[in-house]
Amino acid sequence: MAVTAEGSTTSAPRTRTGGFVGPRAGLVLASAAMLFAELMLIRWVAGFQIHVALFTNFVLLASFLGIGVGFLRARHERDLRRWAPLALAAMVALVWVFRVVRSVTTRDAETVFGLPAPPMWVTLPVVFLGVAGAMALVTEEVARRFERFAPLDAYRLDIFGSLLGIVAFAALSFVGAGPLSWGLALAAAFVVLGPRAITADRIRAIGAAALLAILAVGGLTGGDTWSPYYRVSQLPVTEPGRVPIRVNSLPHQSTLPLERLREEFYVRPYEHLQREPGRVLIIGAGNGNDVAVALSEGATSVDAVEIDRVLQGIGRERHPEQPYADPRVTAHVDDGRAFLERTDAEYDLILFALPDSLTLVTGQGALRLESYLFTVEAMTTVRDRLAPGGVFAMYNYYRPDVFERYANTMATVFGHEPCFDPGAQGADRRSQAVLTIGVSPDDVSCETRWTPAVVVPEPATDDHPFPYARGRTIPLLYAVVLGLIVVASIVIVRRASGAPLSRMRPYADLFCMGAAFLLLETTNVVRFALLFGTTWFVNALVFAGILLSVLAAVELARRVRLPSPIVLYVALALAIAVAWVIEPASLLQLDVVPRFFAAVAIAFTPVFIANLIFAERFRDVGASTVAFAANLLGAMLGGVMEYLALTTGYRNLLFVVALVYGLAFILRPRGRDVLDLTQRERRLPGAIEVG
């Protein structure tokens, strides 16, 4: 029997809920496993498939699609839940067996079998469909439990489980646990969700064992270490003192002895100094190469900032010069922009030392970990942190347009052109270069200054933090892939649900709410990334905070009679307007504690109100799983629309949020339409009959 929103009981297909846990605990655990599996797939796929390294949001979109399909299957006669662990194991195995590495010299991508890697147009569809299929089966466990409760009660338990999943994955990341721990957590969850007698569901047991085995083998072989950002691989030493380091199968760093470092571009900034380096700040300190050079050049103190503790740990253990052991060095595991904003120190030299993360902020389509380092506002902060006569320098292998953008940004902020040291030619039209600039032109000794190209890209800003984007457009590759995702999703939803898409027509407003909420979530994630850093910990706290806001809204809706939808939508519009008016940059002027409370109030107020609207609407739906599927598929569309920020910037993305919520208001059932809607819901295929 199932309980409807109105509290009556109705007949429903008999579905096994497992013997180890009760219905409520089972739904919480299933939801936690679903969210945990989603985060695990994002990390695992990015770790082994280089074509997906900067497309991790596509894994998130595939997860949304799979979750939506799983909910649409909630009342399908054929129960496929037992296949979920095996499907997840198959996806994990596929990614690992056909893992791809890139050569340092040729830049060619190859599988571990020495064969050319499949092109991106093959890899992305396979990964997308594989993730969507696995997540659909994982979600069916949630959906079949979800429908046994009143809609709002089920939603409340699902959110609590999702919060538990995020906390569990974040806790494992905090202690440095890798794939083996992920496998243990998921395998245990799948077993507990099954019958008490494990032999009664052999397929589930075999799948859980296979998932654990593959994650254990894939995570423990090869000597890899999993940081919260990368799969870090240390390759065999090819010459004394040189330890090559790969992240997510891509060449990233190498420890080098001092004599080699002094032959490279690392010493170029010091050649332009008019005095001893004194106090030095290094952003992107990595394994310690730049720190070793600074010490050899006479630095009296070095603040070494590195976002990844694993990379810094390799430097502590294996760097031939042992720079992190020097008492003059203070190591910081932190986001570079966040450190710049928090410190009051003044430096004689600030270095951006190859801060190329090769990864995205989790759940964001185009925001990389280092994106906020290269904006006008960031370099203004750098200028303000320089002591009188201080110097700022940055170096890397730059794409031509990116080099021009950075040089132009430095010239814009400092008021004069930087000194330019060209270097060796790299792969993919990249060239090594060093840019050095002082508070005044006389602070550096320089023979060659940067000369602007005919067309100079505009500087990146905190609102449009995309230094690698070629203008304010969505790249053609992204547009094509996103378009194909939308088309494929429509086909998959139609085929998998076994019913026409009109089945979800009564929930068009919930579909819009899902799209708008995902966009609202995006603006909050990037706001906190700017204000407090792009670290995994900040990101996890934001997602947890969003879920807590949702949970608070649901609890309030369950206990208090809410105002009319019109009042709530007006309040939401005002909250969005406040978030648009108050620019994040203005909050950077506040100390950390008041900045935090201000950011929470601005970011989570619209989240809270939006979920009051959702909770009030969801309370009375007749087919809770169909309605929730519509909302989740709307969130997937919101994930696609997130890329509009490449053209609008993140602040103006709030206009899109307001417009989509406005559409949800227009499409909401009201007045006599509510009664008609209830009648239509009774006739929906698979809908719960209202008693």
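Trainee: How many helices and strands does the secondary structure of the protein chain come to?
Mentor: Welcome, and keep in mind that this is a predicted model. Counting the secondary structure of the protein chain gives 24 helices and 15 strands.

Trainee: What percentage of the residues of the protein chain count as buried?
Mentor: Buried means under 20% relative accessible area. The protein chain has 691 residues, and the share of them that count as buried is 59%.

Trainee: What percentage of the contacts with a separation of 6 or more comes from residues 24 or more positions apart?
Mentor: Here we take the contacts in the protein chain with a separation of 6 or more. Among these, residues 24 or more positions apart account for 78%.

Trainee: Are H1 and H3 roughly parallel or roughly antiparallel to each other?
Mentor: The axes of H1 (residues 23-48) and H3 (residues 84-97) cross at roughly 15 degrees and come within 9 Å. Angles under 35 degrees count as roughly parallel. H1 and H3 are therefore roughly parallel.

Trainee: How many nonpolar residues are in the contact of H1 with H3?
Mentor: On the H1 side the contact includes Ala 37, Leu 41 and Trp 44, and on the H3 side it includes Leu 88, Val 92 and Trp 96. The contact of H1 with H3 has no polar and no charged residues, and its nonpolar residues number 11.

Trainee: Are H5 and H17 roughly parallel or roughly antiparallel to each other?
Mentor: H5 (residues 151-174) packs against H17 (residues 536-559) with axes 10 Å apart and an angle of about 160 degrees. Angles over 145 degrees count as roughly antiparallel. H5 and H17 are therefore roughly antiparallel.

Trainee: Is the crossing in which H5 passes H17 left-handed or right-handed?
Mentor: Among the residues that make this contact are Tyr 155, Ile 159 and Phe 160 of H5 and Phe 543, Leu 547 and Leu 551 of H17. The residues of the contact divide into 18 nonpolar, 2 polar and 4 charged. As for the crossing in which H5 passes H17, it is left-handed.

Trainee: Why is H10 described as largely enclosed by the rest of the structure?
Mentor: H10 spans residues 289-296. Its buried residues include Asn 289, Asp 290 and Val 291. H10 is largely enclosed because its buried residues are 7 of the 8.

Trainee: Does Ser 301 count as buried or partly exposed?
Mentor: Ser 301 has its place in strand S10 (residues 301-306). Not counting residues up to four places away in sequence, Ser 301 touches Gly 278, Arg 279, Val 280 and Arg 328. At 25% relative accessibility, Ser 301 counts as partly exposed.

Trainee: Is Asn 248 buried or exposed?
Mentor: Asn 248 sits in the loop between strand S7 (243-247) and strand S8 (250-255). Although Asn 248 is not a glycine, it has a positive phi of about 50 degrees. Its relative accessible area is 4%, so Asn 248 is buried.

Trainee: Is Leu 354 buried or partly exposed?
Mentor: Leu 354 is in the loop between strand S12 (347-353) and helix H13 (376-384). Leu 354 is not a glycine, yet its phi is positive, about 50 degrees. With a relative accessible area of 25%, Leu 354 is partly exposed.

Trainee: Which side chain does a polar contact of 2.7 Å join to that of Asp 401?
Mentor: Asp 401 lies in helix H14 (residues 400-414) and counts as buried, at 17% relative accessibility. The polar contact of 2.7 Å joins the side chain of Asp 401 to that of Arg 399.

Trainee: How far apart in space are Pro 465 and Arg 368, C-alpha to C-alpha?
Mentor: Pro 465 lies in the loop between strand S15 (431-438) and helix H15 (476-497), and it counts as buried at 0% relative accessibility. Pro 465 touches residues including Leu 367, Ser 371 and Tyr 650. In sequence, Pro 465 and Arg 368 are 97 residues apart, while in space their C-alpha atoms are separated by 9.0 Å.

Terms used: Residues numbered from 1 in each chain as written. Predicted model: local features only at pLDDT ≥ 70, side-chain atom pairs only at ≥ 80, totals over all residues. Heavy atoms only, no water. Axes fitted to C-alpha atoms, helices over the stretch in contact; angles between N-to-C directions. Helix = DSSP H or I, 4+ residues; strand = E, 2+ residues; numbered from the N terminus. Parallel < 35°, antiparallel > 145°, perpendicular 65-115°, else oblique. Left-handed = near helix turned anticlockwise from the far one by under 90°. Contact = heavy atoms within 4.5 Å. Nonpolar A, V, L, I, M, F, W, Y, C, P; charged D, E, K, R; others polar. Buried < 20%, exposed > 50% of the residue type's maximum accessible area, 1.4 Å probe, protein only. Polar contact = N/O pair within 3.5 Å; in protein donor to acceptor, adjacent residues only side chain to side chain.
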